[in-house]
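Please look at the sequence and the structure together as I go through them.

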Amino acid sequence: MDKTLIAFYSYTGNTRKLASQIHSTIGGDIIEIETTVLYEGDYNSVVKQGKDEVTRRYKPAIRPLSVQLDKYDTIVLGMPVWWYTIAPAVLTFLTENNFLGKKIIPFATNGGWIGHTFKDIKELCPDSEVKNEINIKYSGDRLSTSMKEIEKWMDDIK
Ligand SMILES: Cc1cc2nc3c(=O)[nH]c(=O)nc-3n(C[C@H](O)[C@H](O)[C@H](O)COP(=O)(O)O)c2cc1C
């Protein structure tokens, strides 16, 4: 049987909340990707720092994962979009680990500008099957993609 891991990074909580809902619906295991050094300062200064990190393709150190990835066939990978791509912590996660032969199902929360997020994941994981990606839009902390669409996606990936 396929074993599924939900792995997510979240800075302001949108992706965390959604990951937990997805976990209740589809089951499997769940882990949070966390940077060893937390982002500090107000939202706008983190937005600025994020731009600098994305531009430099900076890979912040992340905490050791609490599971062994080779136990899983499918990774449901959640992240916020930072400057039209994956948040830096997810860049670290994808480059530091081996996803050979695994299925990766990305969900990306964002304010409406997803940019090249999914294309970048596919390029970073050429030996994985990246599929069923979903773009989940928020207005601040309010979901603007319909729950119906998300429920249908959860049904498809179950
Ligand atoms: C550093 C930074 C950069 C962001 N860049 C984008 C972007 O390029 N496009 C977009 O639609 N939203 C962008 N956002 C908004 C977040 O993607 C959105 O609020 C997301 O749902 C936050 O998820 P989280 O609460 O799990 O951290 C950015 C937010 C931050 C903090």
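**The ligand and its surroundings**

Let us begin at the ligand, where a polar side-chain atom of Thr109 lies 2.8 Å from one of the ligand's oxygen atoms. Please keep in mind throughout that this is a predicted model. The backbone takes part as well: a polar backbone atom of Gly111 is 2.8 Å from an oxygen atom of the ligand. A nitrogen atom of the ligand, in turn, has a backbone N or O atom of Trp113 at 2.7 Å. How much of the ligand's accessible area does the protein cover? On its own the ligand has 650 Å² of accessible area, and the protein covers 92% of that. There are 20 residues around the ligand, and those that come nearest are Ser10, Thr12, Asn14, Thr15 and Trp113.

I turn next to Ile136, which lists Thr109 among its contacts. Ile136 belongs to strand β7. Is Ile136 buried or exposed? Its relative accessible area is 0%; because buried means under 20%, Ile136 counts as buried. Leaving aside residues up to four places away in sequence, Ile136 touches Leu18, Phe107, Ala108, Thr109, Asn110, Leu143, Thr145 and Ile150. As for distances, Val81 stands 55 residues from Ile136 in sequence, and their C-alpha atoms are 10.0 Å apart in space.

The next residue is Trp153, located in helix α5, which comprises residues 147-157. Trp153 has a relative accessible area of 6% and is therefore buried. Which residues does Trp153 touch, if those up to four places away in sequence are not counted? They are Ile22, Val76, Ile105, Pro106, Phe107, Asn132, Glu133 and Ile134. With Asn132 there is also a polar contact: the side chain of Trp153 reaches the backbone oxygen of Asn132 at 2.6 Å. By contrast, Ile31 is 122 residues from Trp153 in sequence, and the two C-alpha atoms are 20 Å apart.

Asn132 itself deserves a moment. Asn132 sits in the loop between β6 (129-130) and β7 (134-139). Although Asn132 is not a glycine, its phi is positive, at about 55°. With a relative accessible area of 31%, Asn132 is partly exposed.

Finally, I come to helix α2, residues 43-56.

Just after α2 comes Arg57, found in the loop between α2 and β3. Arg57 is a residue other than glycine with a positive phi, near 55°. Its relative accessibility is 55%, and since exposed means over 50%, Arg57 counts as exposed.

Thank you for your attention.

Terms used: Residues numbered from 1 in each chain as written. Predicted model: local features only at pLDDT ≥ 70, side-chain atom pairs only at ≥ 80, totals over all residues. Heavy atoms only, no water. Helix = DSSP H or I, 4+ residues; strand = E, 2+ residues; numbered from the N terminus. Expected span 1.5 Å × (residues − 1). Buried < 20%, exposed > 50% of the residue type's maximum accessible area, 1.4 Å probe, protein only. Contact = heavy atoms within 4.5 Å. Polar contact = N/O pair within 3.5 Å; in protein donor to acceptor, adjacent residues only side chain to side chain. Near = heavy atom within 4 Å. Areas by Shrake-Rupley, 256 points an atom, 1.4 Å probe, with all protein chains shown as cover.
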